[in-house]
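Open the model in your viewer and keep the sequence panel beside it. The stops below say what to select next and what is there.

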Amino acid sequence: MTFTFGAMERGEYKVAHFDPKRDRAFHLAIVLGQGPSACVAHDLETGEPQMLVWAPGLEALSLAGVPAHPRSVTYVTLPEWSTLVPDGALDPTMNGQHLALVHGKLPVAQVRDEPVKTISATCLYAHDESNERSVLDRFPNARALPLQAVLVRGAQMRSTTSPVLLMHRGADRVDLTLANGQRLLLSNSYLARTAEDVLYFCLLAAETGGIPPADMKLRTGGTHLLQLERDLLDRYFSDHAPAIPSTWPNVPKTLGPMDRWLAAFDQFACVS
């Protein structure tokens with residue numbers, strides 16, 4: 001199944017009081033690597049997301065409305081190969097082997113690590129580094145984050161009252177994280193070509209976690225999530241909703257769903 005960006009390749013939304021000239025007032029989160037790039041700016045005092053822009057390739061990094069001097073910057077680069085390792089089992093000399101065990105042959109890339117303190121684990125990851133230089137040239141203080149760690153924190157924050165399965169749909173895979181409060185029940189990435197693949201792995205995650213679909217919330221998003229996939233998931237998960245509901249006033253429908261940029265919006269939870 002092919003995802004076509006078409007007219008959705010470029011867009012922006014900003015709250016009325018957003019001022020990109022405010023110095024060191026924002027956290028800027030970036031997602032790039034598969035189709036358009038996107039930037040989300042959160043006000044550091046209030047936590048409010050005040051700006052979302054996206055554009056083809058790496059254009060979003062240089063748009064005029066992006067804050068020139070944010071206090072902090074993080075970025076997620078797709079595709080990603082990652083795994084979680086309990087801190088007690090972590091051996092830095094074995095990082096590459098840990099990843100290879102999960103993903104098989106890996107691309108030639110630096111294996112990085114990101115602590116996930118809420119579950120006493122470390123996320124080992126590698127990603128496509130071809131676009132990284134462009135991010136660091138524009139924002140030298142930018143820090144890479146693994147999508148898997150972002151989704152773990154996002155699932156934990158959404159599951160304070162009931163279990164939540166958080167799904168990110170990428171170009172050729174689906175990343176799933178199941179949490180119940182601070183308890184992480186599952187965090188995996190699967191190759192997914194079709195809507196039926198997406199449904200199968202969501203149902204498999206529910207079965208693996210021991211929670212029936214009727215007893216959990218499913219929150220979905222991602223750069224390549226199709227309406228067909230949303231509709232199919234609706235038939236099997238009674239509480240299915242966008243991971244990023246738009247609370248901004250007067251958002252035009254032509255902008256498309258905000259949850260497309262889940263990997264950018266949720267980075268703020270990892271740094272705030």
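The model is predicted: local features need pLDDT of at least 70, side-chain atom pairs count only at pLDDT 80 or more, and totals for chains, interfaces and linings use all residues. Residues are numbered from 1 along each chain as its sequence is written, and side-chain values use heavy atoms, with hydrogens and water left out.

**Helix H3**

Select residues 147–158, which form helix H3. Helices (H or I, at least four residues) and strands (E, at least two) are DSSP runs, numbered from the N terminus. The end C-alpha atoms of H3 are 16 Å apart, which agrees with the 16 Å that its 12 residues should span at 1.5 Å a residue; the expected span is 1.5 Å times one less than the number of residues.

Buried means under 20% relative accessible area, exposed over 50% and partly exposed in between (1.4 Å probe, protein chains only).

**The nonpolar core**

Next select Leu 28, Ile 30, Val 31, Cys 39, Met 51 and Leu 52, the residues with the most contacts inside the largest nonpolar core, which has 47 residues. Such a core is a set of buried Ala, Val, Leu, Ile, Met, Phe, Trp, Tyr and Cys residues joined through side-chain atoms within 4.5 Å. H3 is one of the elements that give two or more residues to this core, and others include E2, strand E3 (37–43) and strand E4 (49–55). Apart from this core lies another, of 22 residues, among them Leu 165 and Leu 233.

**Two pockets**

Select Arg 158, Ala 243, Ile 244, Phe 265 and Asp 266, which lie nearest the centre of the largest pocket. On a 1 Å grid over the protein atoms alone, a pocket is an open set of points with protein on both sides within 12 Å along at least five of seven lines, while a cavity is a set where a 1.4 Å probe fits but cannot get out; lining residues have an atom within 4 Å of a point. The largest pocket holds about 350 Å³, and H3 gives the most to its lining, with 3 residues. Volumes are the space filled by probe spheres set on the points, which are joined across faces, edges and corners.

Move to Pro 115, Val 116, Lys 117, Arg 153 and Cys 270, nearest the centre of the second largest pocket, whose volume is about 210 Å³. H3 again gives the most to the lining, here with 4 residues. Pro 115 is in strand E7 and is partly exposed, at 48% relative accessible area.

The peptide bond from Leu 78 to Pro 79 is cis, with omega near 0°.

**Two loop residues**

Finish with Arg 24, in the loop between strands E1 (11–14) and E2 (26–32), and Ser 120, in the loop between strands E7 (112–116) and E8 (121–127). Phi is positive in Arg 24, near 55°, and in Ser 120, near 50°.
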